Amino acid sequence: MDESKSSEGGIRLRSRLAVFEHITEENKPKKRKFGSSRYNDSDDSSPSESELVIDETPTVVKKKHKKKPSIKISEEVLNLKCEWISCDSIFKSWIELNDHLLNHAGANSGTMCLWTNCNTDCKTVPFLMQHVSYHGYLTKLKNIGSNVLTRESLPECKHEKSEKIILRKEGYMCEWEYCMLNFYNVCEFYMHMEMHVNANPREANEKKNEIILCDWAGCKLKFATKYKLAEHLRTHTHEKVMACPTCGTLFANRTKFVDHRKRQLSEHLQSYQCSQCLKLFPTERLLREHTRSHINHYKCQMCNMTCATPSRLAEHIRFRHLDMKPYKCDQCDKAFKTKYNLATHIKTHGEDAESCEFCSYKCRSKVGMQSHYKKKHDQSAPIFECHTCKKKLKRGQFLTKHLMKIHNYHWPSGHSRFR
Ligand SMILES: [Zn+2]
Ligand SMILES: [Zn+2]
Ligand SMILES: [Zn+2]
Ligand SMILES: [Zn+2]
Ligand SMILES: [Zn+2]
Ligand SMILES: [Zn+2]
Ligand SMILES: [Zn+2]
Ligand SMILES: [Zn+2]
């Protein structure tokens, strides 16, 4: 499993340029709304990605079969190329590229972005600076995506290239308690958030009363390690960790990127098939995720209840919406809406309510006892002998009747039967 490749141990941030370590995401980002629609904070909702986003399931992590050690995002080797017109500079760190791009913007004679194939008029120099900084962010994310592709062979991406540069009129606000600094470009903001994360110990040591806390306004969630905090903090900041170099879609973790490519494997190579709808999937995990969509499929027409199977739905309808009682007790005349209720009721009759008078056999119903008697005792020789006339009778109750009828015996109190 992909998730198994990330482990907590022995990680050290190599430079200030390292981005957040962990590549799985716990929560989807909460969206915030801003006044102006043009500057909406929509960097996590590009349509091409939201269709592809799937929830991670931390419960199905398999620890076996570690094929290769994972490469931490912070350990990715970067080769960041500036695509500003007639500039071919290459940088080994995001901060260096960012500083370089801000220089391009500041030295520019107008407010037009001269990044290859961009040609956007940013109207003001501050917006141009924010804009070019975002080009740098996308360059870094695509670089990491390319690195992943060189390490593992994944299917080609056939989606059309679409890169959105998202401007934030109000800048990027750090909502960490007592911080509330505002940043004008995306690189400085995410580097600053990394500083908040790195102010924590690697692991929370309970003996030393250490806690790792998300101090983002209104959050206060606790984490076992600072990497978990970093991963979580991205749900507040909407930071992504890699992009598909082909189509430009951004991803919050490596698994989502790998899935994005694997879903594009040609159908005849996809070997996991859903037994219910015959749809094909490239991996077992994606099939399992899909299978969950079939669960809770049967919906009650009379209320909002959904059930996993038709028989559960039938039982729900009977129980909630009809006054039918199809489950009848064979020991009394009560009836019940569900099998379960009948079973509960039968227990009130007492366990093994019937016991055989000829052997140690016990059972719960009269019907069961009658069939037991017929099988085991009906053919046996008569064992009850009348002491008066020596007549032999098969059963005790026949002798009782015989004594009363023939010999005029009376029913004595305190005894159920003569012997
Ligand atoms: Zn340049
Ligand atoms: Zn541009
Ligand atoms: Zn801050
Ligand atoms: Zn938080
Ligand atoms: Zn793609
Ligand atoms: Zn299916
Ligand atoms: Zn219902
Ligand atoms: Zn009963």
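For the protein, the mean pLDDT is 78, and 79% of its residues reach 70 or more. The model is predicted, and local features therefore need pLDDT of at least 70 and side-chain atom pairs count only at pLDDT 80 or more, while totals for chains, interfaces and linings use all residues. Residues are numbered from 1 along each chain as its sequence is written, chains are lettered from A and ligands numbered from 1 in the order in which they are written, and side-chain values use heavy atoms, with hydrogens and water left out.

The zinc ion (ligand 1) is coordinated by Cys-82 (SG), Cys-87 (SG), His-100 (NE2) and His-104 (NE2), at 1.9 to 2.3 Å; donors are N, O and S atoms within 2.8 Å of the metal (3.2 Å for Na, K and Ca), and sites may look incomplete because water is not among the atoms. The angles that the 4 donor atoms subtend are 95 to 116 degrees, which makes the arrangement tetrahedral, a label given to four donors if all angles lie between 85 and 135 degrees. Along the chain, the donors of the zinc ion (ligand 1) follow the spacing C-x4-C-x12-H-x3-H. Cys-82 lies in the loop between β1 (80-81) and β2, whereas His-100 lies in helix α2 (residues 94-107), so the pair ties together parts that are 18 residues apart in sequence. Cys-82 is buried, with a relative accessible area of 0%, and His-100 also counts as buried, at 17%; buried means under 20% relative accessible area, exposed over 50%, and partly exposed in between (1.4 Å probe, protein chains only).

In helix α10 (residues 366-376), Met-369, His-372 and Tyr-373 are buried. These residues cover an arc of only 100 degrees around the axis, which puts them on the same side of α10, the arc being that of the directions from the helix axis to the C-beta atoms. On the other side of α10, the exposed residues are Val-367, Gln-370, Lys-374 and Lys-375, while the cover over the buried residues includes β15 (354-355) and β16 (362-363).

The largest nonpolar core has 59 residues, and those with the most contacts inside it include Trp-94, Val-132, Tyr-134 and Trp-176; such a core is a set of buried Ala, Val, Leu, Ile, Met, Phe, Trp, Tyr and Cys residues joined through side-chain atoms within 4.5 Å. Helix α3 gives the most to this core, with 9 residues. Apart from it lies another core, of 5 residues, among them Cys-386, Leu-393, Leu-399 and Leu-403.

Note on methods
Helix = DSSP H or I, 4+ residues; strand = E, 2+ residues; numbered from the N terminus. Contact = heavy atoms within 4.5 Å. pLDDT = per-residue confidence, 0-100. Tetrahedral: all angles 85-135°; square planar, octahedral: opposite > 155°, others 65-115°.
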